[in-house]
Amino acid sequence: MDYERVVGPDGIEIRIPKGVGYRTCAECGGDCVPDPSLTGEGDGVRIAFVCPAHSVQSLVDPFQDLR
């Protein structure tokens, strides 16, 4: 599988799979750009997939299955 590497909170590298449906904009069908962000204490990391023309399209927790 091909991964995109993104620097997340605290400089930690996050690998995000490329070519997955949650990366596609529902309005224009374009590829969304991953934007890792840190949420509140204990909530962990969330990655927003943002279409440059249509804003946030999905929000993914890459560690959801590990909790």
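This is a predicted model: local features need pLDDT of at least 70, side-chain atom pairs count only at pLDDT 80 or more; totals for chains, interfaces and linings use all residues.
Residues are numbered from 1 along each chain as its sequence is written, and side-chain values use heavy atoms, with hydrogens and water left out.

Serine 55 has a phi near 65°, a positive value in a residue other than glycine. For background, most residues other than glycine have a negative phi. Serine 55 is also partly exposed, at a relative accessible area of 46%; that label covers the range between buried, under 20%, and exposed, over 50%, with a 1.4 Å probe and protein chains only.

Next along the strand comes valine 56, as β5 spans residues 55–60. Leaving aside neighbours within four places in sequence, valine 56 is in contact (heavy atoms within 4.5 Å) with Ala48, Phe49 and Val50. Valine 33 lies 23 residues from valine 56 in sequence, and their C-alpha atoms are 9.2 Å apart.

Now step back to the whole protein. There are 0 helices and 5 strands, giving the pattern β-β-β-β-β along the sequence. Of the 67 residues, 28% are buried. Among contacts with a separation of 6 or more, 26% join residues 24 or more positions apart.

What makes up the largest nonpolar core? It holds 8 residues: Val6, Ile14, Ile16, Cys25, Cys32, Ile47, Phe49 and Cys51. Such a core is a set of buried Ala, Val, Leu, Ile, Met, Phe, Trp, Tyr and Cys residues joined through side-chain atoms within 4.5 Å. Strands β2 (13–17) and β4 (45–51) each supply at least two residues of this core, and β4 gives the largest share, 3 residues.

A search of the whole structure finds 0 disulfides, a disulfide being a pair of cysteine sulfur atoms within 2.5 Å. For cysteine 25, the nearest cysteine sulfur is that of cysteine 51, 3.7 Å away. Both residues count as buried, cysteine 25 at 3% relative accessibility and cysteine 51 at 4%. Not counting residues up to four places away in sequence, cysteine 51 touches Cys25, Cys28, Cys32 and Gln57.

How values were computed:
Helices (H or I, at least four residues) and strands (E, at least two) are DSSP runs, numbered from the N terminus.
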